[in-house]
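Visitor: I have not looked at this structure before, and I would like to learn how to read its features one by one. Could you take me through them slowly?

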Amino acid sequence: MYDSRRSAAERWLGAKGWGAFPFQLQTWDLMRQGRSGLLHATTGAGKTLAVGLGAWQALALPESRSLSVLWITPMRALAADTERSLREAFDGVAAAAGVSPWRVAARTGDTSTSERDKQSKSPPSLLVTTPESLSLMLSRPDAQANFAGLCAVIVDEWHELVGNKRGVQTQLALVRLRQWRPELLVWGMSATIGNLEEAKRVLLGPGTAEQGALVEGRLDKPLIVDTLLPESPERFPWGGHLGAQMARAVAREIDAHATTLIFTNTRSQAEIWYQQLLKLRPDWAGIIAVHHGSLARDTRDFVELGLKQGTLKAVVCTSSLDLGVDFLPVERVLQIGSPKGVARLLQRAGRSGHAPGRVSRVTLVPSHSLELVEGAAVKTAIAERRIESRQSPDAPLDVLAQHCVTVALGGGFHPEALAAEVRQTVAYENLSDVAWNWCLDFVRQGGPTLAAYPDYRRVVPDEHGVWRAANAEVGKRHRLNIGAIVSDAAILVQYGPAPRGPKLGTVEETFIARLQPGDRFWFSGRSLELAQIRDGVAFVRAAKGGGASPRWNGGRMPLSTTLADAMVEAFARAGRGEYDSPELLCARPMLELQAKWSALPTPLTLLAETLKTREGWHLFVYPFAGRDVHLGLASLVAWRAGMREAGTFSLSVNDYGFEVLSGAARDWQEDLPALIAPAPSLAALTMEVVGSLNAGELARRRFRDIAHIAGLVNAGYPGQRRSSKMMQASSSLFYDVFRKFDPDNGLLKQAEREVLEDELDVRRLQATLERMAARRLDAKVLKRCSPLAFPLMVERFREKLTNESLAARVERMLLQLNNAADA
Amino acid sequence: MRQTLDFGDGPLQLLPERAVWRPRERALFVADLHLGKAAAFRAFGAPAPTGASEETLRRLGALVDEIEPSTLIVLGDFVHASPSMTKGLTASLTEWRERRPGVECVVVLGNHDRRAGAWLNSCGFAIADAPANYAGCDCRHFPLEPAEALARGPTTLAGHLHPMTRLYGPGRDSLRLPCFVVSGRQVVLPAFGEFTGGSPMPRSPHARLLAATELGVFETG
């Protein structure tokens, strides 16, 4: 059977005019031998056919209808496309082999209830789904029976999952499935990242990764990276300042090509750029579009279809179009603003010239002049093949607690068996007994001390010692909240209220809350007027022009350290007068001004600047260690300064450096060497960092995600009425209540630990401090704000750190208020 | 530091403890305690810790004992939900009441406790539907619409909003503080409870926002 299927697959590929590539044949052979593995290939290189047809050849499915293959995709937007292209392939090869084709279906958050029921009654051979929907399936009481015929799991775009909590959720689901089906074939597909061997280990688990294969796909697609250079580059890097100027250049690019994808880094940036382009070219209404994750499903479908059929000339999008959707006829790819990372830019570049053998080209569009230097840096990094790695998170307790409830609902568990099972994942291979027992206590009674949580039960052991959900309400709540992506409370935007019109998508509640009925805002590429908010829906009318653009808080990605290092080298080259790329030449006025008023960063020096303004006493430091590390450094510096004399500090960070601002007088120049000195030991640094954590707001922010994943606060779905008025409380409120009434709570501890690991990673901080100390401190007193300091100074989103009493702060505020009133 | 207001029918003091005091009638007003909120969360499967209700009751007791009012009026949402009415809360509330026999205690029912009347009675609290008149004031849970509050009428006291205000200081410092909202003849009280949260009030030319802080009650604009 196998030989006939292989020749059918080859015949079908041949008829398509593609032929089978060596890496596809290799994957087919490995799958045939029953081996699992990871396929390294970019989108559009034929990876779907390598693994999809590999499964088809390897698995002789019984006639009885049961689910045989799971295909996990990180984005539900991709599910429909994957379903379509797999169905086409399976129909084609089945016809060539003269057998009946595999039945393919998709199941995501978008799938209707009737469609789900149909899938349950008559399961497809292959089901395309997301990590969240897979967890939902595992939470069904008959989960084990449903997966009794499962032979293979395929994880698409594994590089998108390996480094985050959704990936952890996937790891947990995989070991669960392997428990039931020990022979399960597991295959992943990943784009280029720096640690593919590690990614394979995370996918297959530490116990089985050894036998897994790593297949190198075709990666030789030529790549061109260049930059749209502004005609008059600004000397002060202000996000968006180049916007209008660059919009004209972008419009010319769109004109010159059949289809263009314009990637932005945030959803609000996408909305703003779409408006800019329409303002320049009103005749493009209808042939350009905007696409991001907060838009209504219908709108996104329409845009994706328009791209595929080539009826749209340009689409402004976010990471919502980063992945998948093979063989889009996109001729040109533009990246607005910072590429943030080498791997990410490679991925986005892959959207152009998508068919095998074509050249990929991506053009950077700087939104301020520092991004010109980033452009120069990213080109060097790509030329030298310096690409970022992605690590699995280490034992996150919130995801584990969620998984325990999932398993309790999906048939129940014995604690020892489940502990052994989860330890088969890389994420939990070092899970301590203490952490595991806390997790059990948490799902059983809310915490280790029974007294703190009377009457609370979520999961309880039955008379046979099998842990099950305490009641039906637990299941209902859990299924609503499952998932590891947390967004701010979203509110549905819909035309209405009478008559009710189409739904446009969702915006964050915090944005809508600031608007009054009658106020205008931009959304989904339209100008809208708020009519009223009712039952969690913002009803809107069409308006003519004007208004604010919503901001979405999520997804501010840090610049990778790989790229940051390359950037400092670029600054140093400029400092030596080596303007060796068009980007550096273009940034020259800004770089020369920075050198004149202050100095340029180099790998051998650490640049710092101090400045006194009406706002107060500013300190700027530029370690180029990425925004997460800078946040930790800024907190530490403010904490140490507060130890010398109590105070309140406002912190601002970006990818290049950080600012600490004090409203009261500080001699930063005098104090600086001590403030940034490495601590005498890791233990001493830990003490300082924990101190800064308690004085700041970082842990509170982090707690938001944890409270949601652990099922503490109910996110609900946009547009759906919150489950109950009685159940409303913000995670911030929970944070305060825990701090006050249950300070040893495990979730609080996790929030602290996550901040300590991610933003305030003590080892990394100490390493950074040591690296900073090894460089010569170059501390400049500024007369006025330098080009590097400028973006930090105008940053609106700030962290606060204080070790003053509330009374002292209120007193100072009232003084200022009274002075203003007297003036 | 207290703030004293007078809308023409006698003085009214805004207390830093997030309460209103009517000295002539010796009447004390509080709003939105949300007792038993954590228990309601636990009943629905969210592990909220104990302690908040006890702390709220302790603070209320301390204020009442210090000020010695003849009447205590709660402007709604005294208790959070039906699962909040646990044996434990019933016992501590009854005991709280028994220790203060000289004080008349009334709950003007709000949206959260509109079905808690019988239970409140059993704990020793009288109940009233909004609007009710105590100490010459119109007492309600839901505030009047702004236009209505600006028109003539008796002093009106309300809750429900859990109002907060934002204060700004040098060096880009800012704070969110619970506040009273005074518009026309109406005062909306900040939430008294521990586990309540709040929502920032928009600035308006018709409303004064007075922050309730440990330093006293201060005008914030």
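Guide: Let us begin with contacts along the chain, keeping in mind that this is a predicted model. Among contacts in chain A between residues at least 6 apart in sequence, 75% link residues that are at least 24 apart.

Visitor: Is A:Leu295 buried or exposed?

Guide: A residue counts as buried if 20 or more other C-beta atoms lie within 10 Å of its own. A:Leu295 has 26 other C-beta atoms within 10 Å, and therefore it is buried. For chain A as a whole, 52% of the 823 residues count as buried.

Visitor: Why is helix H14 of chain A described as largely enclosed?

Guide: Helix H14 (residues 342-349) of chain A is largely enclosed by the rest of the structure because 8 of its 8 residues are buried. Among them are A:Val342, A:Arg344 and A:Arg348. The buried residues of H14(A) pack against strands S8 (223-227), S9 (260-263), S12 (332-336) and S13 (360-365), and also against helices H15 (370-383) and H21 (561-575), of chain A.

Visitor: How should I read two helices that pack against each other?

Guide: Two packed helices are described by the angle between their axes and by the distance between those axes. In this structure, helix H2 (residues 22-32) and helix H3 (residues 47-58) of chain A pack at an angle of about 35 degrees, with their axes 8 Å apart, and H2(A) passes H3(A) in a right-handed crossing. The residues that meet include A:Phe23, A:Trp28 and A:Met31 in H2(A), and A:Leu49, A:Val51 and A:Leu53 in H3(A). By class, the residues of this contact divide into 9 nonpolar, 4 polar and 1 charged.

Visitor: What is the order of the strands in the open sheet of 7 strands in chain A?

Guide: The order is S3-S4-S2-S5-S6-S1-S7, and the pairing is parallel. At the edges are strand S3 (104-107) and strand S7 (213-216) of chain A, each of which pairs on one side only. Neighbouring strands of the sheet are turned by 20 degrees against each other on average, direction ignored. One pair to look at is strand S2 (residues 69-72) with strand S5 (residues 152-155) of chain A, which are parallel and joined over 4 bridges, and here A:Ile72 has A:Val155 in S5(A) as its bridge partner.

Visitor: Which domains is chain A divided into?

Guide: The domain assignment gives domain 1 (2-216), domain 2 (223-383), domain 3 (401-481), domain 4 (490-542) and domain 5 (599-811). The C-alpha centres of domain 1 and domain 4 of chain A lie 40 Å apart.

Visitor: How many residues of chain B are in contact with chain A?

Guide: There are 31 residues of chain B in contact with 39 residues of chain A. Helix H1 (37-43), strand S11 (163-169) and strand S12 (173-183) of chain B each supply at least two residues of the side that touches chain A, and the largest share, 5 residues, comes from H1(B). By class, this side of chain B has 18 nonpolar, 9 polar and 4 charged residues.

Terms used:
Residues numbered from 1 in each chain as written. Chains lettered and ligands numbered in written order. Predicted model: local features only at pLDDT ≥ 70, side-chain atom pairs only at ≥ 80, totals over all residues. Contact = placed C-beta atoms within 7 Å. Nonpolar A, V, L, I, M, F, W, Y, C, P; charged D, E, K, R; others polar. Buried ≥ 20, exposed ≤ 12 C-beta atoms within 10 Å, placed from the backbone. Axes fitted to C-alpha atoms, helices over the stretch in contact; angles between N-to-C directions. Left-handed = near helix turned anticlockwise from the far one by under 90°. Pairing = 2+ DSSP bridges. Domains from an automatic or database assignment.
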